[in-house]
Amino acid sequence: MTDTHIDTTVAHTARVWNYWLGGKDNYPVDREVGDRVKELFPLVAEVAQGDRLFLRRAVSHLVREEDVTQFLDIGTGLPTANNTHEVAQALDPETRVVYVDNDPLVLTHARALLVGTDTGKTQFVDADLRDVEKVIEAARETLDFDKPIGLTLMGTMGHFEFEEALRWVRAYTDRLAPGSFFALCDGVMAHMEVEDAERAAEGMRIWEEQVAQTYYMRSVEEFAQFFDGYELVEPGAVSVFRWRPEPADVGTVRDVPQYAGLAKKV
């Protein structure tokens, strides 16, 4: 089991991310680091919002258009608004969702907040995503791996160097049935002027010094490789706000250094 001690003296990814999303489940040390990074890299709060928007749009698409009724959400983070089960079960109350994380604060909140509907089911798995067999075995209590599953990896793979991240993505997608999908978003070094890139790099340096988890930015080419061998859903691997913008967004969408993609296993 995960150590349930919560260290409030060291900033943590889930809590800083929660702060950028306007949440309340964070501590002064998280807000301090969040403000320092945001000062250098103002787009970071938009990136956080873009991730949640992509999650909502991707899950909605899978339920409405692809008849996916079960999801495996790896690297859940702290519950906010529009969590995977809320989006999916609002469209199909019988949808089943399994969340996976090993952060003690996430664990505490998830058990209280990530509850399903009367007909659907929501499960939380306390595990390190690198323990793939443990995750899959636990998830089988709720999900049928012989049928299509929607796998979501929102910003999670950025904590691993590229080759290792690619291995973890494949470790999970290899276990999915044909007809399954996986949604992934990650930080990408793109759409920034030289000065902005330098400031973003300084922000990442502060992050590495102050936060318990390193984050690696990708190249656009590296990000695209996550989907090699799979059938990308239109519009492909794009800057996060460009993934199926809603009619009201047309004309206001801009590129940010965060990419997203949804792909089908055929």
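Reader: How much space lies in the largest pocket?

Author: This is a predicted model. In it, the largest pocket holds about 960 Å³ of space. Its lining takes in 48 residues, and T13, G155, T156, H159 and Q213 are the closest to the centre.

Reader: Which helices and strands each supply at least two residues of that lining?

Author: Read a lining by the elements behind it. Here, α1 (13–20), α3 (44–66) and α8 (194–210) are the helices that each supply at least two residues.

Reader: What is the make-up of the lining by class?

Author: Sort the residues by class and count. The largest pocket is lined by 24 nonpolar, 17 polar and seven charged residues.

Reader: What volume does the second largest pocket have, and which residues line it?

Author: Its volume is about 170 Å³. The lining consists of R56, R57, S60, H61, R64, E65, W243, R244 and E246. By class, that gives six charged residues, two polar and one nonpolar.

Reader: R244 is in that list. What is phi of R244, and where does the residue lie?

Author: Phi of R244 is near 50 degrees, a positive value in a residue other than glycine. R244 sits in the loop between β7 and β8 (258–264). At a relative accessible area of 34%, R244 is partly exposed, because that class runs between 20% and 50%.

Reader: And D67: what is its phi, and is the residue buried or exposed?

Author: D67 has phi near 60 degrees, again positive in a residue other than glycine. Its place is the loop between α3 and β1. D67 has 63% relative accessibility, so it counts as exposed; the cut-off is over 50%.

Reader: Which peptide bond is cis?

Author: Omega tells you. The bond from E234 to P235 is cis, with omega near 10 degrees. P235 belongs to the loop between β6 (231–232) and β7 (238–239).

Reader: What does W207 touch?

Author: Set aside residues up to four places away in sequence. W207 then touches T13, V16, W20, V37, Q213, T214 and Y215. Of these, T13 and Q213 are also among the residues closest to the centre of the largest pocket.

Terms used: Residues numbered from 1 in each chain as written. Predicted model: local features only at pLDDT ≥ 70, side-chain atom pairs only at ≥ 80, totals over all residues. Heavy atoms only, no water. 1 Å grid on protein atoms, 1.4 Å probe; cavity = no way out; pocket = protein on both sides within 12 Å on 5 of 7 lines; lining within 4 Å. Points joined across faces, edges and corners; volume = space filled by probe spheres on them. Helix = DSSP H or I, 4+ residues; strand = E, 2+ residues; numbered from the N terminus. Nonpolar A, V, L, I, M, F, W, Y, C, P; charged D, E, K, R; others polar. Buried < 20%, exposed > 50% of the residue type's maximum accessible area, 1.4 Å probe, protein only. Contact = heavy atoms within 4.5 Å.
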